[in-house]
Amino acid sequence: MIISGKEISTKIKDQLKEEVEQMKNKYDRLPKLAVILVGENQASQVYVRNKERGCSYVGMDSLKITHDATFSEEELLNEIKQLNEDDTVDGILVQLPLPDHINEDKVLEAIDPSKDVDGFHPENVAKLFLGQKSLVPCTPKGMMVLLDEINYDLTGKEVVVVGRSNIVGKPVSLLCLQKNATVTIAHSKTKDLKEVCQRADVLIAAVGRAKMINRDYVKEGAVVLDVGINRDENNKLCGDVDFEDVKDKVYAITPVPGGIGPMTITMLLHNTLEAFYHHQGE
Ligand SMILES: Nc1nc(=O)c2c([nH]1)NC[C@@H]1CN(c3ccc(C(=O)N[C@@H](CCC(=O)O)C(=O)O)cc3)C=[N+]21
């Protein structure tokens with residue numbers, strides 16, 4: 001089975017669109033997402049455009065703020081402060097990566113946790129760790145929704161996450177643990193990575209290396225979620241998984257593009273609506 005994140009995300013966006021319409025009638029205001037982009041990173045510009053498109057699809061307001069790469073850390077912190085105080089803004093997202101002269105941790109900590117739709121603020125990270133209600137990072141949340149969509153129960157299953165980043169590997173591991181899976185976090189220093197991956201009922205690839213995961217890493221009948229966004233030798237978009245090589249060995253797999261990527265954007269919209277409800281006292 002090929003899991004179409006694209007189709008599932010369209011279905012969810014259509015539901016969100018209806019909810020937004022109701023909110024507009026009920027509160028006489030729309031949820032609003034502010035996206036800040038510093039510098040000219042090509043990929044970031046594509047993602048930010050997709051985020052704006054997503055907002056307009058579901059009928060939310062969005063505010064795109066762009067600065068050139070010389071924008072200072074102090075200016076950025078001031079801008080975030082103003083957006084924190086702006087009652088019409090529900091979500092604030094600062095596109096990563098930031099230029100080298102800006103301290104990412106400092107920036108993420110400056111965002112009001114109730115507007116932190118990325119779920120990257122230490123307060124939200126701590127809540128996720130503790131299993132308390134919080135804004136959950138979009139990519140991991142999207143993966144859990146996809147598993148739900150195919151009615152996959154993680155209880156007792158072996159999950160292997162390859163990659164230990166703060167934005168994907170670590171949070172998705174916690175979410176799988178919450179769903180009663182047995183979770184292994186593997187990474188570049190893991191011994192016998194292939195053998196570790198072969199144990200997985202659910203293999204989550206978030207390494208950032210084009211087509212690294214081939215059929216030798218995959219157990220027959222496994223579910224494979226591919227978080228990678230890379231360019232192959234022909235400059236074509238591809239995942240961390242060699243899709244063609246593994247597709248007939250798996251029970252289900254997400255393609256790149258059209259898999260996890262669209263779900264990430266949709267979960268961002270979902271988080272923005274959640275933040276909106278919170279700000280309305282619900
Ligand atoms: N503060 C912050 N929050 C993020 O959520 C964040 C970020 N910074 N920096 C970069 C990564 C990456 N990311 C993606 C979002 C959508 C697609 C997406 O829509 N992908 C399409 C293809 C897009 C294309 O054509 O390149 C797909 O997979 O079908 C991909 C990647 C969000 N990120």
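Which element supplies the largest share of the shell around the ligand?

Reply: Happy to. This is a predicted model, so local features are given only at pLDDT of at least 70 and side-chain atom pairs only at pLDDT 80 or more, while totals for chains, interfaces and linings use all residues. Residues are numbered from 1 along each chain as its sequence is written.

Helix H10 (260–279) gives the largest share of the shell, four residues. Helices (H or I, at least four residues) and strands (E, at least two) are DSSP runs, numbered from the N terminus. Helix H2 (42–58) and strand S3 (91–94), like H10, each supply at least two residues of the shell. Of the 18 residues around the ligand, the nearest are Tyr 47, Leu 96, Pro 257, Gly 261 and Thr 264; a residue is near a molecule or strand if its C-beta atom, placed from the backbone, lies within 6 Å of it.

By residue type, the shell holds twelve nonpolar, five polar and one charged. Here Ala, Val, Leu, Ile, Met, Phe, Trp, Tyr, Cys and Pro count as nonpolar, Asp, Glu, Lys and Arg as charged, and the others, Gly among them, as polar.

Now the wider setting. The domain assignment gives domain 1 (27–113) and domain 2 (138–260), with bounds from an automatic or database assignment. The shell draws at least three residues from each of these domains, whose centres, taken over C-alpha atoms, are 29 Å apart.

Gly 261, one of the residues that come nearest to the ligand, leads us to Ile 229: leaving aside neighbours within four places in sequence, Ile 229 is in contact with Gly 261, Leu 237 and Val 256 (contact: C-beta atoms, placed from the backbone, within 7 Å). Ile 229 sits in the loop between S7 and strand S8 (230–231). This residue counts as buried because 20 C-beta neighbours lie inside 10 Å (20 or more other C-beta atoms within 10 Å is buried, 12 or fewer exposed, in between partly exposed, with C-beta atoms placed from the backbone).

UniProt, in an unreviewed entry, places a "binding site" at Ile 229 together with Gly 163, Arg 164 and Ser 165; its positions follow the numbering used here, feature names are shortened, and annotations may be inferred rather than shown by experiment. Gly 163 lies in the loop between S4 and helix H7 (169–178) and is buried, because 23 other C-beta atoms are within 10 Å. Not counting residues up to four places away, Gly 163 touches Val 168, Gly 169, His 187, Ala 206 and Val 207.

Val 162 stands opposite Ala 205 in S6, while Leu 225 in S7 is the bridge partner of Ile 204. In a regular strand the side chains alternate between the two faces of the sheet. In S6 (residues 202–205), Val 202 and Ile 204 point one way, Leu 203 and Ala 205 the other, and all are buried.

Note on methods: Pairing = 2+ DSSP bridges. Contact = placed C-beta atoms within 7 Å.
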